[in-house]
Number of protein chains: 2
Amino acid sequence: MSRLVMKFGGTSVADLDRIRRVAALVAAETAAGRRVAVVVSAMAGKTNELVAWTDGAGEAIADLPVSDDEYDTVVASGEQVTAGLLAMTLRNMGVSARSWMGWQIPIITDEAHGRARIDEIPGEALGAALDGGEVAVIAGFQGVTRDGRISTLGRGGSDTTAVAIAAAIKANCCDIYTDVDGVYTTDPRIESKARRLARISYEEMLEMASLGAKVLHTRSVEMAMAHGVPVRVLSSFVEPGQAGEMGTIVCDEEEIVEKRIVSGVAFSRDEAKISLFGLPDHPGVSSEIFGRLADANVNVDMIVQSHAHREGAANMEFTVGKRDSARALEIVRGAKDVIGFDDVAVNDDVAKVSVIGVGMRSHAGVAKTMFGALAEKGVNIQVISTSEIKISVLIDSAYTELAVRALHAAYGLDQL
Amino acid sequence: MSRLVMKFGGTSVADLDRIRRVAALVAAETAAGRRVAVVVSAMAGKTNELVAWTDGAGEAIADLPVSDDEYDTVVASGEQVTAGLLAMTLRNMGVSARSWMGWQIPIITDEAHGRARIDEIPGEALGAALDGGEVAVIAGFQGVTRDGRISTLGRGGSDTTAVAIAAAIKANCCDIYTDVDGVYTTDPRIESKARRLARISYEEMLEMASLGAKVLHTRSVEMAMAHGVPVRVLSSFVEPGQAGEMGTIVCDEEEIVEKRIVSGVAFSRDEAKISLFGLPDHPGVSSEIFGRLADANVNVDMIVQSHAHREGAANMEFTVGKRDSARALEIVRGAKDVIGFDDVAVNDDVAKVSVIGVGMRSHAGVAKTMFGALAEKGVNIQVISTSEIKISVLIDSAYTELAVRALHAAYGLDQL
């Protein structure tokens, strides 16, 4: 019999009515003869309530670090509640079910509380329960350390739980139910002609996820790719028979018959650009700057270096996450005497727009189309960065929507 | 080093400010050199919220029984949250602490979910942690079955957890913090001259608890008596140095030097009286009636039988819990043809008033004083029942306060 993992996020289980709706979706799958493991998040809003309490309890009387294992004990209770409620609801519909906490399966993690990584999931007990015809309702987001403490996987952790469980029980598919009905060629709120993709490769999804398409967490896509778990993104709010019912399947590139050159246009307004002017043009300068940023845990994304107007000097531009920009600026300024440069500036009004597609590997001219389309609309490109399956440009954030729509049209994504 | 269990109920941990106050009380005990295990309830109101959800999830689509193991999984999360928050707060005060869930200790229970009984608590891990100087913050009310499911002990379960933990770690005392500062000679809301008892015996406390003094749950007193755990009832709202700081110690009768004849006056309005008139006066009638009530799980408290005016016939009166009275009446009426009686009546307007004291064993005249005091105030006695250390009378509920005050004065409890 085929095994299926279904995952429901916080908005899908926000109240008892929605939990009943989820139960009906689960019951339909078991009625179709599938063995089902369901992974649930905390009811929408509950995790925030719990986190606020831990913040309050953490209001240091002394200035000690946050107690991460206790934070996890508190916050993991949210998923425990949903799992119990869904199991009860299923039973009351006549569907055999039981809840599983992280420690009951167990989902064994390392001890990095609050952002733990899964070490191991012995799938035997769970598999036996499924084979016995019982729906396994699993509390997402949580695990247990080898010394028996509750751990949590960090935000987006329930997606990761779902994929990890799918790998552990060798599920045929992992269905991630969310509030959108799939992965789109771009954000439909910006481009009404955006279309849902029937399939997308892991690699493309990874780029989409890391570039700001918030459908799936990067980490869960990485895990799905590593274990070859087919993932489907679909909406728990779409009625059977309605458009969008099938969602988007995230799978291996080989399983996508008709490959597109470009699959989607993503954008992010979460970055800031830092510009350094008049750097000394000799080896070691870059490593000095980025070494200091790395030591301070500041992630740097795009980097370009160019000759300055002054002889023997260089300019450099790089982007960091917007919330890190003030700290990055401070670090760079603090190193001014060591590095030696004329001036530094930060610009928060930038956006990164990217086109993504595995077809780029075998097709030339993708960049040319991109730059042409942007030039035609008068969009100035500040920084460019590329990977095998993606081209990103940094532009003035005021042009974001214009650029996204222009690129969406330029690659024919309107006519999928 | 002495070991101490401290238990805090829901109102004592109702918000972060109160949790900080509890942490300060715990820190004071550790600073005084004691090894402390703290047992906490869910924050006030949280259990009701969780129970309401389970009621909603249990709204049967089919008419199946409630899923008790899932109910427990949901409801036990309340104590989990408090335990984590208190452990965090203690750490932030510089006090070494960690939380313990029922399954982590483990507190092994039977499988009677929702009202589980504790089978066994292996105290080694907990004892080792305490010896290491770490405060153990224990989630009350919950345990784990032998097959790894979360169980709960039912209402009042956190008191039971505290006493059971005290027995398991051989604590010198189990301090139950509540919203009153001890056990009183009677309810101070009715008799302002009521006085706090410095000490009370387990047996007396049991009678007080089962007769409606809601300070401690009967079950926890029984367990304390069985294991010889000294329990202290005290308030978490009394400042050090204030009156009432010392609370009331519940202990073995032998440890009470000055025994009083009567320690307290208790009352309960939770009972109803059922009267059967004109019963056939032959063997088997009582067993027929009370057998049927027992089969329906209706608890019967006081029973009296008397001759009826009619030759060869008897009358019988007995009391049941008020919420069971309609059901009891129905059962008795349903057996009318089998048993044969003239008439049946139910009276909800009754109260049971009791005087309790271990000194009764060796002193005559206690009943005489009681009946005299009630007669003097014109209080008519409907039913009488006695045990070794208690005399209870059933009266018209309108006379409750009058009777309580008269008895309180008659036994000199005003002048303790």
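**A helix pair in chain B and its setting**

Author: In chain B, the axes of helix α12 (residues 366–376) and helix α13 (residues 400–410) come within 9 Å and cross at roughly 135 degrees. The model is predicted: local features need pLDDT of at least 70, side-chain atom pairs count only at pLDDT 80 or more, and totals for chains, interfaces and linings use all residues. Residues are numbered from 1 along each chain as its sequence is written, while chains are lettered from A and ligands numbered from 1 in the order in which they are written.

The helices are DSSP runs of H or I with at least four residues, strands are runs of E with at least two, and both are numbered from the N terminus. Their axes are lines fitted to C-alpha atoms, for helices over the stretch in contact, with angles from 0 to 180 degrees between N-to-C directions. α12(B) and α13(B) are therefore oblique to each other, the class left over once angles under 35 degrees count as roughly parallel, over 145 as roughly antiparallel and 65 to 115 as roughly perpendicular. The crossing of α12(B) with α13(B) is right-handed; this term applies when the near helix is turned clockwise from the far one by less than a right angle, and left-handed applies when the turn is anticlockwise.

From α12(B), the residues Thr369(B), Met370(B), Ala373(B) and Leu374(B) meet Ala403(B), Ala406(B), Leu407(B) and Ala410(B) of α13(B). This contact of α12(B) with α13(B) has seven nonpolar residues, one polar residue and no charged residues. A contact here requires C-beta atoms, placed from the backbone, to lie within 7 Å. Ala, Val, Leu, Ile, Met, Phe, Trp, Tyr, Cys and Pro count as nonpolar, Asp, Glu, Lys and Arg as charged, and the others, Gly among them, as polar.

A second pair in chain B may be set beside this one. Helix α6 (residues 157–168) and helix α8 (residues 218–227) of chain B pack at about 10 degrees, with axes 8 Å apart. That angle makes α6(B) roughly parallel to α8(B). Asp159(B), Thr160(B), Val163(B), Ala164(B) and Ala167(B) in α6(B) meet Arg219(B), Ser220(B), Met223(B), Ala224(B) and His227(B) in α8(B). Five nonpolar, three polar and two charged residues make up this contact of α6(B) with α8(B).

A third pair joins the two chains. The axes of helix α3 (residues 68–75) of chain A and α4(B) come within 8 Å and cross at roughly 160 degrees. α3(A) is thus roughly antiparallel to α4(B), and α3(A) passes α4(B) in a left-handed crossing. In α3(A), Glu70(A), Tyr71(A), Thr73(A) and Val74(A) meet residues of α4(B), among them Val81(B), Leu85(B) and Met88(B). The contact of α3(A) with α4(B) divides into seven nonpolar, three polar and one charged.

The contact between the chains takes 34 residues from chain B and 34 residues from chain A. On the side of chain B that touches chain A, the elements giving two or more residues are α1 (16–31), α2 (46–58), α3 (68–75) and α4 (77–92) of chain B. α4(B) gives the most to that side, with 11 residues. By class, that side of chain B has 18 nonpolar, 14 polar and two charged residues. Of the interface residues of chain B, 100% are also interface residues in chain A, so the copies meet through the same surface.

Chain B is superposed on chain A by a rotation of 180 degrees with 0.1 Å of shift along its axis (RMSD 0.1 Å). The two copies are thus related as by a two-fold rotation axis. In chain B, the C-alpha nearest that axis belongs to Ser77(B), 2.6 Å away. The superposition is by least squares on C-alpha atoms of residues with pLDDT of at least 70 in both copies.

As to confidence, the model scores ipTM 0.81 and pTM 0.84. Chain A has a mean pLDDT of 91, with 97% of its residues at 70 or more, pLDDT being the predictor's confidence in each residue from 0 to 100.

How values were computed. Contact = placed C-beta atoms within 7 Å.
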